[in-house]
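The following note sets out several points for a colleague who has the sequence and the coordinates at hand. Each point may be checked against the structure as it is read.

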Amino acid sequence: MSTPSSFAAPANPMRAYASMADMTASAPAHPEPSDRARPLARSIDLRSEPGPVRFIIIVLAVSFLTIFVVLPLLVVFASAVSSGIGPYFAALAEPEAISAIKLTLLVAAISVSLNLVFGVLAAWAIAKFDFRGKTFLITLIDLPFSVSPVISGLVFVLLFGAQGYWGAWLQAHDIHVLFALPGIVLATIFVTFPFVARSLIPLMQEQGTHEEEAAISLGSSGLQTFFRVTLPNIKWGLLYGVLLCNARAMGEFGAVSVVSGHIRGETNTMPLLVEILYNEYQFVASFAIASLLAMLALITLIVKIVLERRLDEGQIPRDH
């Protein structure tokens, strides 16, 4: 019986076996990376810095922070208690210091509350809707970042001062804006209103409008959609923006200095009082107020780190 051509045995089985053995021996034990993988491996190798270089970079960064951040804070606290704990608390208990602390907290509370409302509305409009003038609105929100606080204070002087645009009308109706609480609040609001909006806009843009559209399609109203869908999704970003806004409001100096009038016991906030006491050579009292501001800054930093972690944990990767 003849064998089919497709199943025919080789003419020389030993030669065929030898050729297969040569092919197996010449094949590499591990496959070489493809041409597409080679550039990626090279780029990874280039990004890995040598150990000494990494050590030098870390030492330089830590040294810079130590010299320009840690040491000044230590000097402030050391100078505040240089005469003892008693004089430190006595300086904080002065009527002028208490008035400055109360005014600072009041201005921060009013400014943050108003900026909270504005920031949420502005971020909601920019992230969820398309309208004419959207780019212009974003530019206006970023304006305080590029304008000096002193210039913003001078703007309010030109508007509400005795020789300002509305000065005569305000005097006729016995309304005091400059050198009073309203002027300080207005100046603080101007320099702090980008923080809440700028913290929420990227977060709300990343989340999109799918969940809101689903809630509305199921019969929810606009307010119900905001409080039950939008607000829970942005709560950590909102707290982060409020934190930054509050920190800037309590530490603002330039704009408040222009509109406050430096009336002792009435219109001096904590930063202004620190300058006044230092210029009068009351160093213990000056550093005591400064240390209180520094403690508030450290608390703000700790809360900021916690909120950043919650924001990172709350970010859900989306398929694009």
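Predicted model: local features only at pLDDT ≥ 70, side-chain atom pairs only at ≥ 80, totals over all residues.

1. Val306 is found in helix 15. With a relative accessible area of 48%, Val306 is partly exposed, because exposed requires over 50%.

2. The loop between helix 14 and helix 15 (283–314) contains Tyr281.

3. His262 belongs to the loop between helix 13 (254–260) and helix 14 (270–279). The relative accessible area of His262 is 29%, so the residue is partly exposed.

4. How many salt bridges does the structure hold? There are six. In one of them, the side chains of Glu96 and Arg264 meet at 2.8 Å, N to O. Since Glu96 lies in helix 5 and Arg264 in the loop between helix 13 and helix 14, the pair ties together parts that are 168 residues apart in sequence. Glu96 is partly exposed, at a relative accessible area of 22%, and Arg264 is likewise partly exposed, at 39%.

5. A further salt bridge joins Asp142 and Arg198, with the closest N and O atoms 2.8 Å apart. Asp142 lies in helix 6 (residues 134–146) and Arg198 in helix 10, so this pair ties together parts that are 56 residues apart in sequence. Asp142 counts as partly exposed at 25% relative accessibility, as does Arg198 with a relative accessible area of 31%.

6. The salt bridge between Asp130 and Lys134 has its closest N and O atoms 3.3 Å apart.

7. Two packed helices are described by the angle between their axes and the distance between the axes. For helix 5 (residues 95–128) and helix 12 (residues 222–251), the axes come within 9 Å and cross at roughly 140°. Helix 5 and helix 12 are therefore oblique to each other, since an angle must be over 145 degrees to count as roughly antiparallel. The crossing of this pair is right-handed.

8. Helix 12 also packs with helix 10 (residues 194–207), at an angle of about 155° and with the axes 7 Å apart. Helix 10 and helix 12 are therefore roughly antiparallel to each other. What is the hand of the crossing in which helix 10 passes helix 12? This crossing is right-handed.

9. Gly208 is placed in the loop between helix 10 and helix 11 (210–217). At 19% relative accessibility, Gly208 counts as buried, because the limit for that class is under 20%. How many residues of sequence separate Gly208 from Lys128? The two are 80 residues apart in sequence, and their C-alpha atoms are 7.2 Å apart in space.

10. The last point concerns the surface. Which residues make the nonpolar surface patch of about 770 Å²? The patch is made by Phe64, Leu65, Ile67, Phe68, Val69, Val70, Leu71 and Leu74. One of these residues, Phe64, lies in helix 3 (residues 51–80). Phe64 counts as exposed because its relative accessibility is 52%, and the class begins over 50%.

Technical notes
Residues numbered from 1 in each chain as written. Heavy atoms only, no water. Patch = residues over 30% accessible without salt bridge, like charges linked within 9 Å, V, L, I, M, F, W, Y side chains within 5 Å. Areas by Shrake-Rupley, 256 points an atom, 1.4 Å probe, with all protein chains shown as cover. Salt bridge = Lys/Arg side-chain N within 4 Å of Asp/Glu carboxyl O. Helix = DSSP H or I, 4+ residues; strand = E, 2+ residues; numbered from the N terminus. Buried < 20%, exposed > 50% of the residue type's maximum accessible area, 1.4 Å probe, protein only. Axes fitted to C-alpha atoms, helices over the stretch in contact; angles between N-to-C directions. Parallel < 35°, antiparallel > 145°, perpendicular 65-115°, else oblique. Left-handed = near helix turned anticlockwise from the far one by under 90°.
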